[in-house]
Amino acid sequence: MSIVVTGATGQLGRLAVEALLRRGVPASQIVATGRDTSRIKDLADRGVVVRRADLADSDSLTAAFAGVDKLLLISTTTVDERLGNHRRAIDAALAAGVSLVAYTSMSHADTATTILAATHRATEEYLRERNVPSVLLRNSWYLENHTAQLPVVLRQGTVTGAAGQGRISAAARADYAAAAAAVLTTEGHAGEVYELGGDEAFTLAEFAAAVSAATGKQISYTDLRAAELVQVLTGAGLPAELAGVLADADLGMSRDELFTDSGDLSRLIGRPTTSLADAIADALR
């Protein structure tokens, strides 16, 4: 059995490869792919099969997926290119005869109203249309999306967002990677939909309070309208399109579209998920 991981040059993809190795999958049975394979040369040095794969290039996918049994399709980051990329990857997986596609979707992709959710929902629909044996890994937000902002938060003394009192079931990337590895190395997951998120949901105000507790510095939460958040983000140097997507994601948070109490993530990984307090402590080290 061989498993191909798309986006292994990215953060989640690399963690998924590491999680597969920890679960005892021989390195020779893992195919790590990416557009720039020089970024994963260290994996090749450890015996992992490394192949170039560009989700915009169908020919590269045909070569990368040759002879593999299962595919971990990690969603791509550029929103307006995502669906086309995913469709090409799914088509290549079908042509290769894979027995399972595990797709990293987004919380409540079937009902969520955000820009991000729409592309995930369309990918899920394509998997169904093509009758692909698949499992949907609907990931909530990453804890790292919040902890990466700590330098700015500590400098400004506030967490800024447009999420209101919405609850966010964020989890660490490593937890999501471990769940993907569990699904790919055990049986009985085809056709399943897993709503994955941290054991303890939090609001952005509670995130601010957790930062205060960890640092001893008083941190507040400033709740803005979405349009105001776009102005803040573009003022910080983000492209307008990306700022709009992120502000829209905050609105989804305000509607609890990134909240889940399913417990699917901790069940799949066989342990509690990484806590917010631990994630903040790690980021501050």
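Which backbone oxygen does the side chain of Ser266 reach at 3.2 Å? Keep that in mind; the tour ends there. The model is predicted.

**Stop 1: the sheet.** Select the strands of the open sheet, seven in number, and read across them in the order β3-β2-β1-β4-β5-β6-β8; the pairing is parallel. At the edges are β3 (49-52) and β8, and each has a single partner strand, so one side of each has no neighbour in the sheet. On average, neighbouring strands here are turned by 20 degrees against each other, direction ignored. Now zoom in on β6 and β8, a parallel pair joined over four bridges. Show Asn139 as well: opposite this residue, in β8, is Leu196.

**Stop 2: helices across the sheet.** Select α1, which lies across β1, β2, β4 (70-73), β5 and β6 and runs at about 155 degrees to β1. Step just past the end of α1 to Gly24, where phi is positive, about 95 degrees. Then select α5 (residues 115-129); this helix lies across β5 and β6, at about 160 degrees to β5.

**Stop 3: the nonpolar cores.** The largest nonpolar core has 35 residues, and those touching the most other members are Val5, Val17, Leu20, Leu72, Leu137 and Leu196. Elements that each supply at least two residues of this core include β1 (3-5), α1, β2 (30-34), β5 (100-106) and β6 (134-139). The largest share, eight residues, is supplied by α8. Centre on Val5 and show its contacts beyond four places in sequence: Gly13, Ala16, Val17 and Leu20, then Val31, Ala32 and Thr33, and finally Leu72 and Ile74. Another core, of 28 residues, lies apart from the largest one; Val159, Phe207, Val245 and Ile280 are among its members.

**Stop 4: Ser266.** Select Ser266 in helix α12. Is this residue buried or exposed? Ser266 has a relative accessible area of 18%, so with the limit for buried set at under 20%, Ser266 counts as buried. Leaving out residues up to four places away in sequence, Ser266 touches Asp199, Arg271, Pro272 and Thr273. With Asp199 there is a side-chain to side-chain polar contact, at 3.3 Å. To settle the opening question, show the backbone of Gly263: its oxygen is the one that the Ser266 side chain reaches at 3.2 Å.

Key
Residues numbered from 1 in each chain as written. Predicted model: local features only at pLDDT ≥ 70, side-chain atom pairs only at ≥ 80, totals over all residues. Heavy atoms only, no water. Core = buried A, V, L, I, M, F, W, Y, C linked by side-chain atoms within 4.5 Å. Buried < 20%, exposed > 50% of the residue type's maximum accessible area, 1.4 Å probe, protein only. Contact = heavy atoms within 4.5 Å. Pairing = 2+ DSSP bridges. Axes fitted to C-alpha atoms, helices over the stretch in contact; angles between N-to-C directions. Polar contact = N/O pair within 3.5 Å; in protein donor to acceptor, adjacent residues only side chain to side chain.
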